[in-house]
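Subject: Structure handover

Hello,

Please find the structure below. My notes on it follow.

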Amino acid sequence: SFALDCVTSDLDLQEWPQLSLSALVTQGLDSLKMAGQVKVDMSGSSPDLGDGQIDFRVQAPAATLLAAGHWTLPPELGSLKFDDVLRADGRVELAAGHRLDSLEWTVHAGGTHFQNIDLEQAMARGSIERDATGNYLIDLTQISLINKTWRVDGSYFENLQTHEFRVLARGSLDPAVLNS
């Protein structure tokens, strides 16, 4: 459960079964703002959200976002820590039955710590989409990792079904980081 300072929302039923919605949720300086359109599917025994898109902007601690989404980090990321809130924006495209069709996002973090690596800033821009066979593909087209003495920019791509991946990077990395 979450204690919230403010919850506001608007729902437009004029285009039924297409719904236009917007919402704002705040707790202190943390916030989630979203707006979009979804279609209500009335073909089953109860109404179901069908296809649509939702744009979002969020500023909140990583732990709050994980808890709200009922997500857990994989064990190999257990030491990942953030000094401040994450700031993210993007768009979610939904297929019938609440299924994720695609997700585009940009996320910014200040101080970030993973194992023995300390960053002043981190940023990632990317998407998750389905390929022709229905597998989800994650494509981080822009990643920036900035430390006091080095900076790395790159990209990452992975087929989440086969786990085939590609990492490209350029910049100046302290070799001691690779031995951490």
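What is the strand order in the open sheet of 3 strands? The order is 5-8-9, and the pairing is antiparallel. Strand 5 (81–82) and strand 9 (117–119) are at the edges with a single partner strand each, so one side of each has no neighbour in the sheet. Strand 8 (residues 112–114) and strand 9 run antiparallel and are joined by 3 bridges. Within this part, His 113 lies opposite Asp 118 of strand 9. Two strands count as paired if DSSP finds at least two bridges between them. Strands of a sheet pair through backbone hydrogen bonds.

This is a predicted model, in which local features need pLDDT of at least 70 and side-chain atom pairs count only at pLDDT 80 or more, while totals for chains, interfaces and linings use all residues. Residues are numbered from 1 along each chain as its sequence is written, and side-chain values use heavy atoms, with hydrogens and water left out.

Now the whole chain. DSSP runs give 2 helices and 13 strands, where a helix is H or I with at least four residues and a strand is E with at least two, numbered from the N terminus. The C-alpha atoms fill a box of roughly 60 × 45 × 25 Å along the principal axes. Of the 180 residues, 29% are buried, meaning under 20% relative accessible area with a 1.4 Å probe, protein chains only. The chain has 13 positive and 25 negative side chains, counting Lys and Arg as positive and Asp and Glu as negative, without His and the chain ends.

Regards

Note on methods. Buried means under 20% relative accessible area, exposed over 50%, partly exposed in between (1.4 Å probe, protein chains only). The place of a charge is taken as NZ of Lys, CZ of Arg, CG of Asp or CD of Glu.
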